[in-house]
Structures are given as C-alpha cells and as structure tokens.
Number of protein chains: 2
Amino acid sequence: MTQQKPSISLLFEPKTVAVIGASATPGKIGYQVVKNIQDGGYEGTIVPINPKGGEVLGLESYKSLEDFPGDIDLATMVIPAKFVLDSVKACAKKGVKFLSIITSGFSEVGNVEEELEIVRIAHENGMRILGPNIFGLYSGGVSLNATFGPSDINKGGVSIITQSGALGIAMIGKTKVENIGLSSIISVGNKCDIDEADLLEYLIDDDETKVILMYIEGIKNGERLVPVLKRATTKKPVVAIKSGRSKRGAMAAASHTGSLAGADEVFDFVMKQCGVHRAENLQEAMNWCKYLSEVPMPKGENVVIVTNGGGVGVLCADACEKHDVTLYDDQAALKEAFSGSVPSFGSTKNPVDITGGASMDDYMAAIEAAYANDDIHSIIVLGCETAVLTGGTLTEYIGKIFERHGYEKPIVYSFVGGSEFEDSAGVLRDQGVPMFPELYDAVSCMGVLYADYRRRGMGEEAIAEPERKPVDAERINEIATAVKADGRSFLLANEGLEVMKAAKIPMPVSLISHTMDQAVAYAEKIGYPVVMKVVSNEIVHKSDAGGVALNLENADEVIDAYQAIMHNCRNYNPDAKITGIEVVEMVKKGTETIIGARIDPGFGRTIMFGLGGIYVEVMKDVAFRSWPVDNHEALAMIKDIKSYPLLLGVRGEEQRDIDGVVDVLLKVGAILESCDLITDIEINPLVAYEQGEGVKAVDVRILLKKD
Amino acid sequence: MTQQKPSISLLFEPKTVAVIGASATPGKIGYQVVKNIQDGGYEGTIVPINPKGGEVLGLESYKSLEDFPGDIDLATMVIPAKFVLDSVKACAKKGVKFLSIITSGFSEVGNVEEELEIVRIAHENGMRILGPNIFGLYSGGVSLNATFGPSDINKGGVSIITQSGALGIAMIGKTKVENIGLSSIISVGNKCDIDEADLLEYLIDDDETKVILMYIEGIKNGERLVPVLKRATTKKPVVAIKSGRSKRGAMAAASHTGSLAGADEVFDFVMKQCGVHRAENLQEAMNWCKYLSEVPMPKGENVVIVTNGGGVGVLCADACEKHDVTLYDDQAALKEAFSGSVPSFGSTKNPVDITGGASMDDYMAAIEAAYANDDIHSIIVLGCETAVLTGGTLTEYIGKIFERHGYEKPIVYSFVGGSEFEDSAGVLRDQGVPMFPELYDAVSCMGVLYADYRRRGMGEEAIAEPERKPVDAERINEIATAVKADGRSFLLANEGLEVMKAAKIPMPVSLISHTMDQAVAYAEKIGYPVVMKVVSNEIVHKSDAGGVALNLENADEVIDAYQAIMHNCRNYNPDAKITGIEVVEMVKKGTETIIGARIDPGFGRTIMFGLGGIYVEVMKDVAFRSWPVDNHEALAMIKDIKSYPLLLGVRGEEQRDIDGVVDVLLKVGAILESCDLITDIEINPLVAYEQGEGVKAVDVRILLKKD
C-alpha cells in the first residue's frame, strides 16, 4: 500500500524543517545543523526535536514530533543509528514528507536490512528518504543550510550532488576558494531511496541552477537515471566525476566489476550518450563548473588563438586538438581581420602571433579585432611575460579589455611569467576574468563549453523516445518460460534460434529433410554450399556420431552425405530415432561482429557492439549504450569503435551492410526489453556482408535470470 | 679544414665573456645583457664591445675584439642581423671559443644560407655557435646570466634547455613562482650548431644539475641526441615537453609530418626508449622537476595511501593506476602496521582510511606508522577538511611531521578544503612540503619518480652498445649501387630478395627450373604446394601472360602448369626469351606482421613494428624505436603494440615465433645501417609461425636516397 510520493520540490523548498536530535551543546552535530539553518537565513519554520525539551539556540524545542502542531515538510535526523528506525516510524505517523537521515551505520557497514525497512515504512506512508550516511543538504533558493558542514556557503549557479560526504563538505570549501557560487549541494550517501535521478528532476527546471556537478561512486538505478540525465543535458551542462575507474579504485570503492569490459567503460559510454561531461578529477570539474556557469553559449565553432609567443601558440594548438576545439581556418579572413594588428614578422594564421616584440596596443588591437569579427566565435588569449607585457600592463590592459567586452564571446586567458606577473593574473581572476595559469586548463574549459554547445544543438532529438523494432514478445516469453520450466537458465541452440526468428533477425537458412530427395531439393533451394546435420533427440554430440557434413557443393555430395550420416548414426546408436536431416546454409565469409544486450548491475538494460574475435577479446574495442537507443544513436555507437573503418571497407573492399547491423542491434535490445526473464543476449558472430547483402546471426547465446 | 671543437664546459664555465653590441643605453638588449652578467655576480672578466667605445655600466668597452688583449671563451652577440656575419668572422679570427648569437633573422625567417655560412666559418676556426634567435644562457655554476631575461634567477638543481625563447624567459619567471631553483637555462633557438645533445654532454656530469628539462619543438639530429639522452637518464631524470604533438600543432610549428604514423608518435616511443619523462604541459613539467629535484629515490615499489576520506581515497587509487604507482597489497602486513592508528570503522587496507571521525593524533600515528615500516617505500597523504582537520591543525601537525621525517621516504600530500585550509596548505608548500591542491597532480609526481626509479634500476644495460646482427654489407651496397646506376631509387622484387638473402632473412624458397623434370624435382624438394612463375626479361606482367600458376599440389599439376605456362607465354609473346620457370614455396598462413626501418627526418635511423594489415592501417597500432636496439629492446618494442597478445596466441593457438620476429627486426636495422644509400625498408607481410617454426618475409620494399 505504497502512498503517492510527495513532489521533490518540497525537499528543496520546505516551509517547515524539523531537526530530530537538535542539541543545545556546541560541537554536537545536532547543534551545528540548527545553527547552520539559522545562520543561513532560512525564513521557514525551524522545529528542533529533543526528547529532553528545552531551548536550542533560542528556539523552543519539542519533545516529540507529535507535539508540534503544524505540518513538517523536511525532517533532518542526527540521532544515533539505534534510535533511527523508531524515529522514522514517528516521522511516518506525523506525515513528514522528506526525511534527511544524516546518521550513518546502515548499508555502508552491512546493515542492509534496517535500511530496507526504513524505506518500506517511508514508502507506505508517502515519505521519502535522503541518505542515510550524509552531511545533509543545502538549498540556495530558500537559503536552507541543513548540513553539519560549513555555515558560509556562497550562493550561485552550481548545484552539486555528491555520494561522498567528506568530499562534499571539502567541495563546499573548495568552491569558496575557487569563487564558485552554489545553488544547492545535496549529499546522497547510501541512496536508499532518493538518488541522483530524483534530484535532477528538480534541478532541471530550477532557474538558479546553471550547471550540475555530480560526484558518483556507483550507479544504483541507471534505467531511471539515464532518461533524466538526457533531459537535463539538453537544458544545462551536467559534469560528473566518477571514481573507481581503475581496477584498484573499483576495489577500493567495493564496486562490482564488469564482464567483457570494466563497468567504468560502460559508465563512460553511457555518460557520453547522455551528454554528460566527465571530469577526471576535482580541479578539472571545478574549472569546468565555474566556467560553464559564467560563459555564454558560442554562436559557432570558429575559435581564434591570439598570442605573443610562438611556443605557447603551438602548445595551445595541441591542447585544442586534444579538447576538440576547432581552430578557425580561413586564411584570407584571418589575414583581413588581423593584418592591422599583427606586425610583419608575426603571423595572422591561427594561432595569431603578434610576437614578443609587439606593443601592448598591438596586443589589444588583435583582441579587439577578434571580438569585432562575427565569423570568430570564441577567443583564446595567451601570453608570455616580456619587456612590454609585464605584471603591471597585464592587469591594466587585460582588465580594461575584459571590462569593455567581457563575455560578448566565450574567451579564456592564460599567461606565463614570474611572481609579479602571476600576482597580476590572480588580481584579474578575482575580478572575474577567466584566467588560467596552465593553458591546457584554459583550453579544457573551452572544450567542455563546445561539447555542451554541440549537445544543446541536438535539441529534442536527444530526448525523443526511440521507436522500437517489432519483436514477437509473446513467442519470446513462451520460449523463455519453457526453458525456466525445464529448470535451466540458459537457452539451447535451437531455442536461441527460435528467439532470433521471433525478432526476424536473419540467420543461416535451415530446413529439415526427411528423405534424400527432399534433402537435395532443400539444398538446391538454399543454394550451395550447404551443411547437413542429423536431427535426433537421442544424438546430442552430432559430430562424434558422424552426423555432420560440411561444405557440400552439389547434389551428388548431398546424396553421399545423406547416406553417410544415416549410416554413421545408425551405427553410433542403433536405438536412436532419427527425425530427419537438417540442411543448413553454409555461411559465407564476411566481417564478424559481436552484438550483445544485457542487464548491467548499475545501468540496467544496455547494449554492446564490437568487431568479432580478437577486436573484442584482445583489443577491447567495444562500445556500450544504455537501452533504448534510436537508429541515430545505434549508428553513433557503431562508429565509436576504433575498428569502425573495417566496416567502411579497407583495401578496396566494399562497405559492409551497416544498416543491417543497426537493425540487429535494435532488435536485440527489443528482445531484452520484451522479456523480463532474459538477462543476457550475445550474437557472436553476426557476420556482416557487403552493403545491401545483409547480415547473418551465426550463433547466439541467451541467459535467463537465476532465481 | 674543420678545427677541433672546444670542450663544452667552456660554454658553461667561461673565464672571459665578451658582449658584442654592449650598450650604455638602458632598455637596449646590449645594456640588459651586460647588466644581467654584472648583477648575477659573475666573477670572470666581462668584455663589452662597442664600435663607439666608451663606458658601459662602469666597464671600459673595446671598439673591437682585437683590442682586447686576452682570450675570449664566450662572446654574446646582440647586434643587428646584417652585421652578424662580419662579426662572426672577427670572432673566428680572435679565436673565440663559443659564440651565443641572440640576434634573430636567420633560418627561422628563411635566411638559411647565411646561417650555414656562419656555421661553416665557426667550424673552420674551432668555434661553436649557440643560437641564433635566442635569449642567451644562464650558468649557475659560475653565476653567469648572459641573457636579456630576468636578472634575478634562483640557483638550484634544475637545468632547462629551451627551443622557444619567449617561453624560456617566461619559464624563468615561472620557476620563481614555483620556488624552483635553476642550475642553468640555455636557449637553443635555431640550433644551427649547438643542440640539446651538446648541452646534455655537460649537464650529465654537472653535479649542480639534479633534473634536466627540455622544451622541444623539433628534433634536428636525433642520431646524436638519442645515445646522449640514454646516458643522461641513467644518471638523472630528464623531463621533456614537445609541442606540435597534434596535426594542427605540428602545422603551427611548421613541422614535418610522418608517413605511417605522425612524427609525434615516433618522438613518444623514442623518448620512452631513452627513459625520458614526457610532460604534456608546462605545469606538469614544473611539478615533476620540482619534485624530482628534491625527493630521494625510493627503496622499492610499495606505496601506501593514508586518508581521512573514502572518496578521495578511491580517486587516488584511480590516479595511482593511471600513473603506474604500485599500491602495497599485503593485507596482513597493512593490518599489522595500521591497526593501532585506524579506528575500527576505518580501513587498514590500502587506501588506509582513518575516517573523518578520527583524531589528529590518529592521523599522525598512521603517517608515523607508514614512515616506520620498512616494507612501505613511499607515502601519499590525503585529507578532506573536517571538524578536526582544519586549516590550523593542518599547518601544525603536517608541518611537524614533515619537519620530523621529511624525505626519509618519498611522500606527497594533497588536501581539499576551504580558504583557510588552502592558505594553510600554501604555508606548508612554502616550507617545502610537497603539497598539491589536486591529488592527481600529487600522484603524477609520484608516478614520474617511480618511472625514474625503474630507469635507474636498468643501470649499464640501458646504455650498452647493442651487438649487431651480421649482414653482408658488401653485397647490399653492391645491389644498391647497381640500382642507382640503373637510375632508380627503388628496388625491384628480385633485388629486394637479394638484400634479404644478404641478411639471411628467411623468405619463401625459390628455385629456377629449366626443364619439366627439373621443375618437378624442385617442387618435390621445396614441398607442395608450390607456385610457378615464368622467368623472362621480356615478360613483365607475368599474370597477364598466363605465366603464373598457384597452389600446385603434386607432380602432375606441376607438369600441367609447366606446359601451360610455356604455351601461354609463347602465345603471349613469341619473341620472348624464356629463361626458365621459377618454382616457389607457397607460403602457409600465419600471423602477418610488418617490419620497417627508415631514415626519420628528425631521429635518423628508426625501426618500426606492427601486426599486418588492418592493425597498422586502421588501428594505427605500431611501435617505433631509434636504431640501434638490442634483443631486449626489440622485444619491448614488440610488446608495446596493443595487439601483442595475438603473438602470444589467442583462442587456444600456440605462441608465434617471437624470437624470429626479433631476429628480423634486428637484421632490418642492420641492413639500413650497412648501406648509406638505403632510406626505407618495409617487409610486409613478415609471416610469423608457431614458436620454433620461424618467420617468412613474403614481400619487401626498399627505397634509396633520391639524389
């Protein structure tokens, strides 16, 4: 009897906040939380709960929730773990809508049962749980700091969702250092109920939130998260740090390991699919968030580098290629734009090199020219300290030009020099100039801006619900149910083929003959060469019985094979009932691919693609996506593998039938979706022929849920 | 009539320094250089040269070099380009040993001829040239700052060689910001004569120089550089930044592009071969140099992470895997070492997590335990700001423990927190504590230290001159000379095979028969199946003439083929003189590899290895080395390719004959070395069979110098 869930906006904008375990004793968490709520300037009602009653920071406390006459939107719980369950029951009874359990000592230390019980009680009573094992939440919209972390949080445009409490608190500090303002920060901890997806639902439409940052250690309910993430990234940038990317890191995070590729690779592909920008480390994430929260969208992809030093110009061109930043390349237009400001021994090519000998006025003229030119969409300004470009001139000139133009266009600055020079750069940074000591960091910010620009360009296409390929779900479920009834969790070859048929996935043609004439007729119908196999329930190992013949090229060979198989099998097992002889198309050589679909422990339904054999096994050259995908995304996935050029045809070969591969990818996903019993499907190989000649699923392996 | 070159130590430790173009006018470069030399505290003789004479900064100037009575070890030239050549002649006449030409306007703007003339004059007179187009040089050993850059340079253990002048000057500033001391910094500019190799010769044995940093845009004389680099890295760490790694960057640096793989890839492999640590950007290089110049060598590979936060611990484990830092893994030993300091809810596994709730004393106890344990060789200390780990306790406790133990073992610190916390970290950094705001940067330093540790472990092996495989150099030169005489710069198939023979590289057996009986006898000798081909100078397109028969499996087929070929060819060209019919072994299927050797424009003789076909063409999976290599390095090269597991055997296959591949690699290098006419050799494919079954060079392409 699960009750309807309250709107997530009540978590971010509660009118009344209770603190269960409020304390008058400084140093206690129950004191700190109340103090933070007060100091933060929250204007709603604060309800301290303490069984002993008394005053807490000037507020009269209640001995129990029941004593408080009004409704409670959010309760923050800071009592010892052993009291939590009873208190959760009391909250449920009181009709509390959201409960933020700061207390730790639940699933993270193996106490899974009690955590599940808490969730059960909550859901039965229309209550939702944040945590446990968190530092609380800060919501800038209502100036609510219901955490035991720092009390002074800068308001701004970045919202943080963090799975690590300690790192979250440290990040609050770090945002202050980096001069980043927060619209909210929420600690999700064990994610027993509320997870990233719930929070994103609110943040997507929260006008205060310009950028969302997530620190993730593990994905729990990816099938809910993915569509929400896709929607979020069409509206605002989402940056993610996921730790546990390495084997050792994953061990440290006690994460599961994937089978074919590490789970981290799946995460990487799915984040890309969702348009999320994955940062490697905290500093990079902070740089990106700050920049993305301040900079406007560029109007196009033409980026120009203005530098006074060739060396840093070359380094910057390298960085641009690394971070997928497109350097404007129209030599004539560049010459026209910059010839007035670049001395004759400089270069108007991009990087535009005014040289170390140029005056500050030349420098400024070049930057002005870049701002003035409508075909130039973003600007990277570099500099080395010189006789004219000193600490003093840096603050003066760059300060002036940024004051004049600021973010008329996306711009970044990076300068190298001595102490006075660096101090000047620091002054500019404090004034809001996007100034980076290392040019690679500057270009990395420009790169993530352009990744976001491209994502924004996708519009509705990015979130449209893909049409599914029709598959015979009834038949598939029938097969799977029969297999389960047989006590197995894997399908036999013929059962797998039946599933393929139900999805109309092309396979080698196969017909069962009952006479020699019929065998010849079928072989003629299928086309030579063919393979023949005995069909008999009593003969399992067909090859051992001499019941298989390969590469039969004409009627005579089919006749010989028919006789030989009958003879061999009768000798092998005189009691065997021979139902017939299967005549199967010999699969022609083509490009072998592997297609898979499985229930990922974190992301749920995922699909996989790679080229057959060693490409997957040795080169680990595979791509993943969260299901569902549309045609476009399936094609993008195929293009993601490094060996993709093989499908386009190398050494004079024709292009392979990529449409056919896409079709099977979509069908395999649809099969997985059509039947809850299926956990794993792998077609290996799916042979792809020349464009228009189709594909053939040669072998398929399907696994079902183990009960 | 080139004179003997002066010892490079005179460049670094000159007793007398002339400044040609010295000026009394502040702001002029000729003034700045003299002033820097004076201010730097140089104790040798300064000789200002100015045609007008007069006093320069209190020194009597000379109107010409001749007027100065003594010897001049180093002359620094700051006069306009048009006067340089005459002045070089004067220097040569005076017997100047080293000339540092600051002036620009030579090969970098296309004025190649004059630069070559300068070098010619210098070498004829036993003089060497630094530059032109540089900012000069600073040599800490004699406190000589003969640059027009900053006058205040911190002395220390890092020596910088830079190809970019502007960036070099900016780097001097940057080193001051980063608190890095310099033993020398030399601007090499156009490298018309003195290059990195010359300078390294001095720096290898310079006791003041602990670490060498090179900023490189292009390699000019790699065959000299490589052996010197190899020697240098066995003694001290060498860090390199090479710009122009991207296509666009290479264009910007006006660099050449490689053929099979970008030249940058060759650079990357050769630096690895030389034990050089390649940094991506300036900040990374500075971090490495500072850390490497201060830290002692570790005693082993066991690294322990001590943290108060699980999240940063996981991130750090990821960073360790990325940077090849080995986490100590003996659970029992870790438990014994840390159980006293880690609370029960923490973890003694590595990362050792004392948790946010632990006291500062616990923290310190854990670090002390890591110092005390001889099986722990290096320490990474992480922290998030908490109630107990505040800015105040950070400086106090970490300051104390670093004071007590410092670099008893390699250690790095990284802490995340708010402004006060960061300020405290900054105070510690100023005190010399290796403290990094971003833990990935900390681990990157630990990683480069371990890379260096492994290099140091190689000892003499790293620089021993490899033994060459014997090849018949005389025969190879004879073939190449004949080809040149024929007006070609490429070898025909049979000429290529002759070269292979001269190096005893195994090829398919081939015998030329003159009668049908002989053809059968040869086929029997070679073993079936065989291929037969007509031999006739008049029949070039053998297949078109019906002069080729494949896959002949027995004597009858050989007889039929012999008759058919004779018949076809006589019909095809009745006038053709048929010399015989070649009987060739049919090459069995195996693993196709590609082996190459070529003269790289920058590195000179290089060798290449990859797996055949699409691995090279599509996956770009190739490895390079500078020649010569020994067995060990050739094997390392083979292991460098991602598809290496294919040679070990996949899917139940036997291992391939890797020794055979190594043998051919070494022979191909030896061929290139044996004959100055040859520029390119490519064996494609070299088919590798099972271990012990050898390899076969099926096709070879050899190119000669174009005159």
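Modeller: Happy to, and let me begin with terms: two strands pair if DSSP finds at least two bridges between them, and strands are DSSP runs of E with at least two residues, while helices are runs of H or I with at least four, both numbered from the N terminus. This is a predicted model, in which local features need pLDDT of at least 70, side-chain atom pairs count only at pLDDT 80 or more, and totals for chains, interfaces and linings use all residues. Residues are numbered from 1 along each chain as its sequence is written, with chains lettered from A and ligands numbered from 1 in the order in which they are written.

Now to the sheet itself. In chain A, 5 strands make an open sheet with parallel pairing, and their order is β2-β1-β5-β6-β7. The edges are held by β2 (45-49) and β7 (128-130) of chain A, each with a single partner strand, so one side of each has no neighbour in the sheet. From one strand to the next, the twist averages 20 degrees; here axes are lines fitted to C-alpha atoms (for helices over the stretch in contact), and angles run from 0 to 180 degrees between N-to-C directions.

Let us zoom in on one pair. Strand β1 (residues 16-20) of chain A runs parallel to strand β5 (residues 74-77) of chain A, and 4 bridges join them. Across this pair, A:V17 stands opposite A:L74 in β5(A).
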